[in-house]
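Visitor: I am new to this structure and would like to learn how to read its features. Could we go through them in turn?

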Amino acid sequence: MSFLSFKNVKISGVAAAVPKIVKEVKDLSFFAPGEAEKVINLTHIERSRIAPETMCCSDLCYAAAEKLLDSLKWNRDDIDVLIFVSLSRDFITPATSAILQDRLGLSKECYAIDVPLACSGYVYGLSVISSLMSCGLMKKGLLLVGETTSKLQSPLDKTIWPLHGDAGSATALEYKEGTEAMNFHFGTDGSRWDSIINPDGGSRHPFSEKSLVMEEIQPGVVRNKTNAILDGMNVFAFSITDPPKSVKELCTHFDIDINNIDYLLLHQANKYMDDKIGKKLKVPESKIPFCLMQFGNTSSTTIPMSIVTAIDNIINEKASTIMCGFGSGLSWGSAYIVLDHIVCPNLIELDWDE
């Protein structure tokens, strides 16, 4: 069973950044009359942010990290580990974490790796970085998590384009003895690997001229083979089944009373789905913060985005949280983590002139 527990690692701060450009769901041209309203009513996604052509996910994560490091007043030479979690890497090679290490002015002795995960990535990333830091040899670390899904999807596909938004985040962690343990549970079902997929561009189906041919699958659904495909019904069934089961197993294994937590921080693909999860776990709506109304499904960034934008006064409180991320793979992960008076700068809206 994939249970993990790491002591002596504290989340010290969380920051997030989004592009300034707003995508309004109601204004998308591929909807038939009344369709946009139905999508908004079902998902509660009214708008999101979209990166301009030359802006990458790493730019958003860099902006969040810069703001967070300045707010914490950390010496950059003291950062021992940097982990970048995203499917939206700058290049196939080199690793984007290496580019960010240099761009942020971190030590050349900084441990830097990429983790290519989507919606479950924040929880997985927290487990990776806390495992590296828990023995005390690495004292400070940065977890950079984000996605520019707009570069992976077709803007002519009404099944997926209205749902997502671009964002990046930075989470600062430090070794601190006596900090309450971070507890984790994980799961993977690779038999459903093609439920969320970009078919062409990898080694299995390399990119070719045919990969860029736009095909009309049905009215309002036009895409090529590099664009993301979502099996909505299969993903919905998975999302209301395996993630709440994971949370329950986490609570049982670590003897956590879910009634006593302050917040349930869920990955946000649509609110109807998360409401179902909340009801299964018997967690009141007041304990489930949401940001998808204004920012859409920002993939691995939805949990840190909620911390930054949807929890009032988080910098002045100690809050017990259960986090649950789930998505492509299919993969999922749950975590019990206490946030204790973290540094949390206001959301960054990144302008871009390049």
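Visitor: By class, how many nonpolar, polar and charged residues does the lining of the second largest pocket have?

Guide: Note that this is a predicted model. The lining of the second largest pocket has 5 nonpolar, 2 polar and 5 charged residues. The residues that line the second largest pocket are V9, K10, I11, K176, G178, T179, E180, M182, K318, I337, V338 and D340.

Visitor: Which strands each supply at least two residues of that lining?

Guide: They are β2 (9-19) and β16. The space in the second largest pocket comes to about 160 Å³.

Visitor: Let us stay with β2. How many of the residues of β2 are buried?

Guide: A general point about strands comes before the case. In a regular strand the side chains alternate between the two faces of the sheet. In β2, 11 of the 11 residues are buried, so β2 is largely enclosed by the rest of the structure.

Visitor: In which sense do β2 and β8 pair, parallel or antiparallel?

Guide: β2 and β8 (residues 167-175) pair in the antiparallel sense, over 8 bridges. To find the pairing in the view, look for V14, which stands opposite T171 in β8. β2 is also joined to β17 by 3 bridges, and these two run parallel. There, P19 stands opposite L350 in β17.

Visitor: How many residues lie between β11 and β12 in their hairpin?

Guide: The hairpin of β11 and β12 has 2 residues between the strands. In its turn, G220 has a positive phi of about 85 degrees. β11 (residues 215-218) and β12 (residues 221-223) pair in the antiparallel sense over 3 bridges, and E216 stands opposite V222 in β12.

Visitor: What does H341 count as at 44% relative accessibility?

Guide: H341 counts as partly exposed at 44%, because that class runs between the 20% limit for buried and the 50% limit for exposed.

Visitor: Next, peptide bonds. Where is the bond to P94 cis, and what is its omega?

Guide: The cis bond runs from T93 to P94, with omega near 10 degrees. P94 sits in the loop between β5 (81-85) and α3 (96-103). Another cis peptide bond joins G329 and L330, with omega about -10 degrees. L330 is in the loop between β15 (318-327) and β16 (331-340).

Visitor: Now helices. How many of the residues of α9 are buried?

Guide: Again, the general idea comes before the case. An α-helix has 3.6 residues a turn, so residues three or four places apart point the same way. In α9 (residues 302-309), 7 of the 8 residues are buried, so α9 is largely enclosed by the rest of the structure. The buried residues of α9 are T302, I303, P304, M305, S306, I307 and V308.

Visitor: Two of those names bring me to Q268. Is Q268 buried or exposed?

Guide: Q268 is buried, with a relative accessible area of 1%. Q268 is found in the loop between β14 (263-266) and α7. Apart from its neighbours within four places in sequence, Q268 is in contact with residues including D274, F290, N297, T302 and S306. A polar atom of the Q268 side chain lies 3.0 Å from the backbone nitrogen of L292.

Visitor: Last, K26. Where is K26 found?

Guide: K26 is in the loop between β3 (22-24) and α1 (35-43). At 52% relative accessibility, K26 counts as exposed. The side chains of K26 and D27 are joined by a polar contact of 3.3 Å.

Visitor: Which residues is K26 in contact with, leaving aside its neighbours within four places in sequence?

Guide: K26 is in contact with A36 and I40. The C-alpha atoms of K26 and E37 are separated by 6.9 Å, while the two residues are 11 residues apart along the chain.

Key. Residues are numbered from 1 along each chain as its sequence is written. This is a predicted model: local features need pLDDT of at least 70, side-chain atom pairs count only at pLDDT 80 or more; totals for chains, interfaces and linings use all residues. Side-chain values use heavy atoms; hydrogens and water are left out. Helices (H or I, at least four residues) and strands (E, at least two) are DSSP runs, numbered from the N terminus. Buried means under 20% relative accessible area, exposed over 50%, partly exposed in between (1.4 Å probe, protein chains only). On a 1 Å grid over the protein atoms alone, a cavity is a set of points where a 1.4 Å probe fits but cannot get out, and a pocket is an open set with protein on both sides within 12 Å along at least five of seven lines; lining residues have an atom within 4 Å of a point. Grid points are joined across faces, edges and corners, and a volume is the space filled by probe spheres set on the points. Ala, Val, Leu, Ile, Met, Phe, Trp, Tyr, Cys and Pro count as nonpolar, Asp, Glu, Lys and Arg as charged, and the others, Gly among them, as polar. Contact means heavy atoms within 4.5 Å. A polar contact is a pair of N or O atoms within 3.5 Å; within protein, one must be able to donate a hydrogen and the other to accept it, and residues adjacent in sequence count only if both atoms are side-chain atoms. Two strands pair if DSSP finds at least two bridges between them.
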